[in-house]
Structures are given as C-alpha cells and as structure tokens.
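Dear colleague,

I am handing over the structure below, and I would be glad if you could look through it before reading on. My notes on what was found follow it.

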Amino acid sequence: MLSDLYTLWTRLGVAFDQSFSVEDLVDLEKILVETSQAGRDDSRLLFGMRGWLLKHHDLVNGSRLIRFVRQEKQTAVLGAVIDSVIEINPRSVLKAVRRYCRKLNKPEFLFRRIGRSPTESELNQEECLSVWKRWNLISREMSTMGEAILEKPYVLRNNPNLALRALFGAGTRAEIFSYFIKNKEGNALEISFALGQSYQPVYSELMALCKIGLGKVTKVGAERIFQVPYPFLKVLLNLFAGNSAPQPRPF
C-alpha cells in the first residue's frame, strides 16, 4: 500500500521520484483518507500530503471528502493535518471537512515508531506540538516538504480530472466531465454512484449541461441516458494536459 501511495503522490506532484502511468484517473479524496492512515507508519508520506495540501488545497472536492470522512472510524490524523493547513489558508474548503473529523478518545503517538523507543517517546511527549495535541496525537514533528512539492502546471498536466476542477471548480460539474473521460454514457444514478456523490445534485447538473449545450440526453424507456460530446471533452483535456492526457472514448 505504501509503494502505491508513493506512486500516486509522485503523479500528484510530490517529488518521490516514482514512475507512473496517466492512463487512469486518480481519486484524490480517497488518497487523502488512505494517506492519513498509512502515514502513521511513514512520516515522509504524511508530510508529503500536508505539503501538497498547503499548495493545492483548492483542488480538493470538499463535499466528496466529507462523504469519505463520515465513513471512517479514525479521522484524527486527517483532522490535525487539515488544521495545520487552515492555519495558513483560513478560507480553504478544508475548513468544512474539519468539522467531520474526530479526535482520538485517548492520546496516541502519531508515528508508531515513536512508541517503540522510550527515549523518543519521552521527547515527543515533552515537546508535543499543539496542532497534534488538539487531536489527542503526540508528536514533535512537522514538515511542509519544502521544494519537493511541484507547481500547478505539473499537477494539472498529469491529472486531467484535477485540471477540470481547476477550470470548473472542485464541484459536481468537474466530476461529471471526469466521468465521461472514461465512460461513453450513463444515467444519473450510475454516474452519482461512480462519483460517490448524491443523486439530486448530479442529476441537476447533468440537466444544466444539456440545457447549455455541453451535454445531451436521450430517453430510453423510462431512463434518461446522458452523454457529453467527444470533441468537447477532447478539447478540454488537450487544453491542460497536451499529448499525455488520456483520451475520452469517442462516440
């Protein structure tokens, strides 16, 4: 799992120097939740995520991340990382996500390796940073990963779904266009399930896209089947990602 996360964060713009493919779309919100868990065994991974959020928090879909957070039992690590980002970016969408994170019931060392060393355990307890302490976590460590976090052009070139968020905002419209990169068509229920979002906002956005001519809908029996024209998707992807972008399915 750690090696997979290193690869994904390299693609997202953390200089971990792993090779990666751009064929599939990254699920940023899922990666944030998984990294906050796996990062307790690897500080570089956790601080790479923190550094990325400090620079690119505007690409996070807050409502989608909330849905993931509400399904998790332990969210203190993510909550503390978000706290540290909000201290520097107080208007970040992550502020809404923080309300759904919960501190641990009792204090634990943030990094499990610290608990195995009596010397390190004592030192971390004595010098615990307040941002961790608020979430019942114990650690004296904090890092932004500095110059290891690459800029927006790299992130958008290698992650077309995030490029769509940069263009349309990190909301339902960008997610719908991302869906149609890999899928020729779908009904609103299928699309909302695939995106991990509620049905009604997805359906409303699909109808709005059809109304302005960026999508089309066909009735098949009682169903409404939605599509986004291939030429429009191709233009969007090439605008940000050039020849490295995965190509939408033609129809």
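The expected span of a helix is 1.5 Å times one less than its number of residues. Please keep in mind, as you read, that this is a predicted model.

Helix α14 covers residues 199-211, and for its 13 residues the rule gives a span of 18 Å, which agrees with the 18 Å that separate its end C-alpha atoms. Within this helix, Val202, Tyr203, Glu205, Leu206, Leu209 and Cys210 are buried. Because these buried residues fall within an arc of 165° when α14 is viewed down its axis, they line one face of the helix. Among the elements that cover them are the helices α12 (172-182) and α13 (188-195), together with the strands β3 (216-220) and β4 (223-227). Just after α14, glycine 213 adopts a positive phi of about 90°.

On the α12 side the contact is made by Thr172, Arg173, Ile176, Phe177 and Phe180, while α14 contributes Pro201, Val202, Glu205, Leu206, Ala208 and Leu209.

As for confidence, the protein averages a pLDDT of 92, and 95% of the residues score at least 70. Over residues 247-251, however, the pLDDT is below 50, although this stretch has 21 contacts in the model beyond near neighbours in sequence. Where pLDDT is low, the predicted coordinates should not be read in detail.

Conventions
Residues numbered from 1 in each chain as written. Predicted model: local features only at pLDDT ≥ 70, side-chain atom pairs only at ≥ 80, totals over all residues. Heavy atoms only, no water. Helix = DSSP H or I, 4+ residues; strand = E, 2+ residues; numbered from the N terminus. Buried < 20%, exposed > 50% of the residue type's maximum accessible area, 1.4 Å probe, protein only. Arc of directions from axis to C-beta. Contact = heavy atoms within 4.5 Å. pLDDT = per-residue confidence, 0-100.
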